[in-house]
Amino acid sequence: VYKRQAERMSSISATMQRCLPGLQTALSQMDKMDLGASMESFNKVFEDLGVQSIATGEALDQVAGTSVDMAEVDKMIEQVSAENGLKIAGDMGSAGTGKIGQKTDIKSSIGDMEHRLAALKQ
């Protein structure tokens, strides 16, 4: 066990020695002032994103925390439908009466849709 650890440390040390000249060259070629300005700019953008993330989270918490009175929603739907001449009260109850994946008579369904469309056009 100790022998393997010693071999790994020796391998890591050799790798670090091979990488060191490349890192030193890269550091010597970098303009430290430009690098500092870039890092400051990055930090500012990162902080701005953090503030926006917090604000968005708080807004979503407020929205999720509010409850809606379903009677008010129903009243608004009725008002909008009355203003636009729509009939929905009877149609909503028939939505979703079949099982998903249940076979239906396509011709009958198409005929029913054509009758509905004709009624809507009048």
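**Helices, patches and pairs in a predicted model**

Tutor: Leu 27 sits in helix H1 (residues 2-29). This is a predicted model, where local features need pLDDT of at least 70, side-chain atom pairs count only at pLDDT 80 or more, and totals for chains, interfaces and linings use all residues. Residues are numbered from 1 along each chain as its sequence is written, and side-chain values use heavy atoms, with hydrogens and water left out.

Student: Is Leu 27 buried or exposed?

Tutor: Exposed, with a relative accessible area of 52%. Buried means under 20% relative accessible area, exposed over 50%, and partly exposed in between, using a 1.4 Å probe and protein chains only.

Student: Which helix gives the most to the nonpolar patch?

Tutor: H2, with four residues.

Student: Switching to rings. How many aromatic pairs?

Tutor: One. Rings of Phe, Tyr and Trp (its six-membered ring) pair if their centres lie within 6.5 Å; planes under 30 degrees apart are stacked, over 60 edge-to-face, the rest tilted.

Student: Why do Phe 42 and Phe 46 count as stacked?

Tutor: Their ring centres are 5.9 Å apart and their planes are at 20°, so the pair is stacked. Phe 42 and Phe 46 are four residues apart in helix H2 (residues 32-65), so about one helical turn separates them. Phe 42 is partly exposed at 49% relative accessibility. Phe 46 is exposed at 56%.

Student: How many salt bridges?

Tutor: One in the whole structure. Asp 48 bridges to Lys 44, with the closest N and O atoms 3.2 Å apart. The rule is a side-chain nitrogen of Lys or Arg within 4 Å of a carboxyl oxygen of Asp or Glu. Both residues lie in helix H2, four residues apart, about one turn. Asp 48 is partly exposed at 37% relative accessibility.

Student: Which residues form the negative patch?

Tutor: Asp 69, Glu 72, Asp 74 and Glu 78. Asp and Glu count as negative, Lys and Arg as positive; His and the chain ends are not counted. A charge is placed at NZ of Lys, CZ of Arg, CG of Asp or CD of Glu. Glu 72 is in helix H3 (residues 70-83). Glu 72 is exposed at 54%.

Student: How many helices and strands overall?

Tutor: Five helices and zero strands. Helices (H or I, at least four residues) and strands (E, at least two) are DSSP runs, numbered from the N terminus. Buried residues make up 2% of the 122 residues.

Key:
Patch = residues over 30% accessible without salt bridge, like charges linked within 9 Å, V, L, I, M, F, W, Y side chains within 5 Å. Areas by Shrake-Rupley, 256 points an atom, 1.4 Å probe, with all protein chains shown as cover.
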